[in-house]
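User: Hi, I have a chain open here. Can you walk me through it?
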Amino acid sequence: MHLGRTCYGKGRHPTVSTHTGGWVQFLPNKTAGLPRTQDTPLSFNEYHVPGGQVLTMEMAWGSKEVGAPRCGPVGASFVPGPGKNYDVSLQLERNYCWVRVREIVPAADGTVGTTPVQTTPALLCGDDKDHRRRRYDTAP
């Protein structure tokens, strides 16, 4: 997560590194009390972020094995609303991936739904020296 900017990369900007899946799935989830959706994965992390400020998510998936499928990194930006909860995930479909952002919306009957959130594709920041080695995929 890159707080307060519309690009991603190593750079000199405040970031929060998050990891899920793989061997990390055996570590305890970082929870902040968000309601669970029907498709909340077994391995997840939750964070409090300031509302009303741009937030850029940088995501990637893959294996370190030679020839294994890979995706990303890809990035998307949005402005979280104050007091709102969101679900952010990397979506994979065929040879394409993108960052999906949904607002978590609890219903009066106790169920939890989601609403898609419009995002803006994010590219690497100009100060990222590894920019030539990265892919620039964006959301569909």
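This is a predicted model: local features need pLDDT of at least 70, side-chain atom pairs count only at pLDDT 80 or more; totals for chains, interfaces and linings use all residues.
User: Where does Pro73 lie?
Analyst: Pro73 lies in strand β4, residues 70–78. Strands are DSSP runs of E, at least two residues, numbered from the N terminus. The peptide bond from Gly72 to Pro73 is cis, with omega near 10°.
User: How many bridges join β3 to β4?
Analyst: Seven, and the two strands run antiparallel. Strands pair if DSSP finds at least two bridges between them. Met57 stands opposite Ala76 in β4.
User: New topic. How many salt bridges are there?
Analyst: Four. A salt bridge puts a side-chain nitrogen of Lys or Arg within 4 Å of a carboxyl oxygen of Asp or Glu. Arg100 and Asp39 form one, at 3.7 Å, N to O. Arg100 is in strand β6 and Asp39 in the loop between β2 and β3, so the pair ties together parts 61 residues apart in sequence.
User: What about Asp87 and Arg102?
Analyst: Their side chains meet in a salt bridge at 3.1 Å, N to O. Asp87 is in strand β5 and Arg102 in strand β6, 15 residues apart.
User: Is Arg102 buried or exposed?
Analyst: Buried, with a relative accessible area of 10%. Buried means under 20%, exposed over 50%, partly exposed in between (1.4 Å probe, protein chains only). Asp87 is buried too, at 14%.

Conventions
Residues are numbered from 1 along each chain as its sequence is written. Side-chain values use heavy atoms; hydrogens and water are left out. Helices (H or I, at least four residues) and strands (E, at least two) are DSSP runs, numbered from the N terminus.
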